[in-house]
Amino acid sequence: MSHIAPEALERFVEQLFLDAKVSPEVAAVVSRVLVEGDLLGHYTHGVKLAQGYLKDLRNGHAKGDAAHLQIVRQTRAAVLYDADYLLGPYCVEKALDFTAEAARTFGIGVASIRRSHHIACLAAYLQRYTDQDLIPLVLTSDPAVASVAPHGGLDPVYTPNPLGIGIPTGEKPILIDVSMSTITNGLVNKTHQAGGQLEHAALIGPDGVPTRDTAAYFGTPQGAILPLGSLEFGHKGFALGTMVEALTAGLGGFGRKDGVKQWGAAVTVLTFDPAFFGGVEELKAEMDHFVGACLDSRPRVAQQPVRMPGHAGIARRTKAFEQGLQLPEDVLASLRGAASEAGRDWPF
């Protein structure tokens, strides 16, 4: 693994997007969000995505001009955007900024985005808003992809349908980024490319048997990712995945029924202002009490205490700014490829 200054990496990635004629404001947000994903340890959803984003820009499957983000309808508290496949991180941050402003007036703001391009790592958006004592919530699905089987079924129908939510506390915020499936598409692809086996039987083959072998997923007929809860409790993950599907593609009015073929996302974001409800300090006091009780819980395995969602990522982020960001070789290879395709030298 190589150590790279996060700021230098962000400038390099931003320049790749500027070279691709992406609007400066879009390039700045996209590069920051991608690097933030790596800072938090989400390597499949960080700068490794840049190569695919740039390829889609070149072939017309993604847009880089901020003007493509259009408002379909809007009130002071809610908005529906059509992004025309503008790069997703910019779309999501614009939506979060709108909902944050609405929340300060009404307690909550809601934004739905249809036809966004891919939106990268959900956790990467959150701390920007928890630092403002707000609670951001991001939900997303990809209408062009079918990888998760409904509970009781064999055929892939929908995506892992993750949600991200940031919760302010008196100290480190809680950053939740979790899929409604056992694992993500990115982990399946990465494991398959490495020729390895999954840690758990998170897939279901066409024979109906759970498996760790990613070859079953890529076979004919195709296998599928199991919903969160696997065979035993998959009805719960399936229900949650259905909820995300409804609140993203359903709410935006554009999704699988429209025969979408290109990589993208249906997104809904909500932001809550605790000051409008029980109060910011009251929220933090309640969450601090909860966090303390969780961390004081006797560990099931000795020397492996309970940790709160996102805290390992925050510690990793702090270390990266002190010592440099460590990127796995597959991420570096993807970035080198992106640089080569853009006609730029690799600077690290």
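The chain has 10 helices and 12 strands, where helices (H or I, at least four residues) and strands (E, at least two) are DSSP runs numbered from the N terminus. This is a predicted model, in which local features need pLDDT of at least 70 and side-chain atom pairs count only at pLDDT 80 or more, while totals for chains, interfaces and linings use all residues. Residues are numbered from 1 along each chain as its sequence is written, and side-chain values use heavy atoms, with hydrogens and water left out.

The overall dimensions come before the details. Along the principal axes, the C-alpha atoms of the chain fill a box of roughly 55 × 50 × 45 Å. For 348 residues, a compact globule would have a radius of gyration near 20 Å, and the chain agrees with that at 20 Å. The radius is taken over C-alpha atoms, and the globule rule is 2.2 Å times the number of residues to the power 0.38. Of the 348 residues, 48% count as buried; buried means under 20% relative accessible area, exposed over 50%, and partly exposed in between (1.4 Å probe, protein chains only). The chain exposes about 16000 Å², and carbon and sulfur atoms supply 54% of this area, as computed by the Shrake-Rupley method with a 1.4 Å probe. Among contacts in the chain with a separation of 6 or more, 69% are between residues 24 or more positions apart, a contact being heavy atoms within 4.5 Å.

Because 7 of its 8 residues are buried, α5 is largely enclosed by the rest of the structure. The buried residues are A123, A124, Y125, L126, Q127, Y129 and T130. Their cover includes the helices α2, α4 and α9 (311-323), together with the strands β5 (135-141), β6 (163-167) and β7 (174-178).

Helix α2 packs against α5 at an angle of about 100°, with the axes 8 Å apart. That makes α2 roughly perpendicular to α5; the term covers angles of 65 to 115 degrees, with under 35 roughly parallel, over 145 roughly antiparallel and the rest oblique. Axes are lines fitted to C-alpha atoms, for helices over the stretch in contact, and angles run from 0 to 180 degrees between N-to-C directions. From α2, the residues R32, V33, E36 and G37 meet A124, Y125 and R128 of α5. This contact divides into 3 nonpolar, 1 polar and 3 charged residues. Here Ala, Val, Leu, Ile, Met, Phe, Trp, Tyr, Cys and Pro count as nonpolar, Asp, Glu, Lys and Arg as charged, and the others, Gly among them, as polar.

Helix α2 (residues 24-39) also packs against α4 (residues 88-106), at about 95° with the axes 8 Å apart. So α2 is roughly perpendicular to α4. In this contact E25, V26, V29, V30, R32 and V33 of α2 meet P89, Y90 and E93 of α4, which gives 6 nonpolar, no polar and 3 charged residues.

Some backbone details remain. Most residues other than glycine have a negative phi, and most peptide bonds are trans. Y85, in the loop between β3 (78-82) and α4, has a positive phi near 65° and is buried at a relative accessible area of 8%. D133, in the loop between α5 and β5, has a positive phi of about 65° and is partly exposed at 24%. The peptide bond from T220 to P221 is cis, with omega near 0°; P221 lies in the loop between β9 (210-211) and β10 (224-225).

Apart from its neighbours within four places in sequence, K284 is in contact with D133, P168, T169 and G170. K284 is buried, with a relative accessible area of 15%.
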